[in-house]
Each structure stands twice: as structure tokens, then as C-alpha cells.
Amino acid sequence: MVKSFMVIVAIFLFLLILPVSANAGAWVQDEGEFFLSLQAYYYQTDYAFDSNGNSEKRGGTFWKKEINPYFEYGLTSRDTLVLNVFYDWLYDVQPSPSEKNQGLADIEAGWRRLLFKKNDHLVSFQVLSVIPSGYDLEDMPQLGYDRFGLEGRMLYGTNYNFMKKSGFFDISLGYRKYFGYPSDQIRSTAYIGYDIISPFQILGSYDLHFGLDNGSEKEISTNILVQPNYRLLKLTLGLRYKINPQYSIVGAAYKHAWGQDTGAGGGFYGRFWCNF
């Protein structure tokens, strides 16, 4: 318990000093404007974190491939609608026989409200709903929890200049509530972008999911990424190519740096960003 508390403190302090924003982060879209992020994602591991945070070899390899369209629409100059869709391919060779599944995972839909903006600084609040897509829990590995959830999140963002080059900084802290199981989660993200040389921008981020261990103890699947009480810290380093002010391409690699009751390992992804 003390160890877990120290991890929370260390991560929170890290959050305060590290700049973020893959999607639009704290920013909202102009009224009538759209933002699209289309992501292709790959994950693989032969290891899993146990309940004490130790990485141990599991009985076989777990793969996940994912297509992730993410949309934003500027409803007003202060309000943005959000939709996040995931289509997954899962494969696990640990069981005998091996298991594979594919389909639409949980959908996230929400609303972001700009609360404060002054010069290059802004603060927003976001409400997000987690909606099961209708997959069958009998199909293994399972695509999700098949449980509705709600999330509230505070976001801060700013643009900055350093050594005559520009960048952005974005942090967020939220609470996700599920109904029944799994555990509720503290969720935090942090991103930094810095224009190293035109038209390239380096991107760094972390993504924290910290289960509060208050859900029912229900082991749901061999999908090691959706255990009911998991904790995970993911670190990412990427490069953005700005085709023009409207279009960008992003490539990144990531690693599961720390966790409890979840998969270790890592992977990579590619993104296409479009404003229209």
C-alpha cells in the first residue's frame, strides 16, 4: 500500500513538470470545425506485470492490433463534441488452444468545455461516456468489460517558445467510474510537442491508468490489457511531420514502463491528423 502511494506521488510530481497533446488535449475546436485522428496501433508482449509490479514471463505471446478513428467537432467556440472508436484484433497463444477475436470495442463519446483562456494558457473540463459496443463476452480474448462508464477530466494546455522554436504543453487529470466492475480509475495524461526543425515536431507523452481496487473481483478474460483492477504507466516517444497547417502524420513507439495486473511489453503506432 505504501509502495502504491509512493508511485502515485512520484507520477503526480512527474505530471507537474512534464509537458502533452496527441488528440486536441485541452484545446477546443472552432465553431463548425472538425478534427480527425486516424490511428493504426500495434502491441505485443511475452511478459505481464503481477500484482506487485514485477514483470514476469507469461506462457505465450499476446498481440493486439487496432484501428482507432478519433473525431472532434466544434459545437460552439467554447464547446467541442468528442467521439473515440476502436476496432481490435486480439490474439493470445498462452491458452491451449490459442485464442483470437476481433470486433468493435467500447466506444467513448463526450463533451469538452473551455473554462478559461488567457494569452497562450487555457483550462478545459471534459465529460466522457464509455459505451459497450455489443460484443459477446463469451468470445475470447474479450474486447472489453461490457460495462458502462463515466469519466470527468480537467485539462490544462499552453503554447510555449524555447530557443526560438515553438511547442505545446498539455496535462490532464481525471476520474473514470464504472458500474459494478471493474475498479474505478484515476487517469492522467501528459504530452509535449517541440518543433525541432521545420516541418518536424518531436512528441513525448505518458498515460497513466491507476485502478483503485474498489470493483468486484471478477476475472473476465485472457486479455491481459483489460483485467478488472489493473494499473499501467505507458511512455511514448514520437515524431510528427507537418504536411501543412491542415494535415500531419505521426509515428511513435511506446512502452509499458510500469504496471500491476496488466501486460508489459510495448509497440508502435502511426497517426494521420486532419483539421477541416
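**Buried charges and one buried leucine**

Let's start with L114. L114 is buried, because its relative accessible area is 8%, and the cut-off for buried is under 20%. L114 sits in strand β6, residues 107–118. What does L114 touch, leaving out residues up to four places away in sequence? The answer is V28, R78, L122, V123 and S124. Y156 is 42 residues from L114 along the chain, and their C-alpha atoms are 10.0 Å apart.

A word on confidence. This is a predicted model. The average pLDDT is 90, and 89% of the residues score at least 70. Residues 1–23 stay under 50. Where pLDDT is low, the predicted coordinates should not be read in detail.

Now the charges. Side chains of opposite charge can pair when their charged atoms come close. How many salt bridges are there? The count is ten.

Take K64 and D88. Their side chains form a salt bridge, 3.9 Å from N to O. K64 is in strand β2, residues 55–74, and D88 is in strand β4, residues 87–92, so the pair ties together parts 24 residues apart in sequence. Both K64 and D88 are buried.

Next, R112 and E72. Their closest N and O atoms are 2.9 Å apart in a salt bridge. This pair links distant parts of the chain, with R112 in strand β6 and E72 in strand β2, 40 residues apart. Buried or exposed? R112 is buried at 2% relative accessibility, and E72 is buried at 1%.

Last, D184 and K177. Their salt bridge is 3.5 Å, N to O. D184 is buried at 4%, whereas K177 is partly exposed at 36%. Elsewhere, salt bridges with shared partners join E108, E151, R153 and R176 into one network.

Conventions: Residues are numbered from 1 along each chain as its sequence is written. This is a predicted model: local features need pLDDT of at least 70, side-chain atom pairs count only at pLDDT 80 or more; totals for chains, interfaces and linings use all residues. Side-chain values use heavy atoms; hydrogens and water are left out. pLDDT is the predictor's confidence in each residue, from 0 to 100. Contact means heavy atoms within 4.5 Å. Helices (H or I, at least four residues) and strands (E, at least two) are DSSP runs, numbered from the N terminus. Buried means under 20% relative accessible area, exposed over 50%, partly exposed in between (1.4 Å probe, protein chains only). A salt bridge is a side-chain nitrogen of Lys or Arg within 4 Å of a carboxyl oxygen of Asp or Glu.
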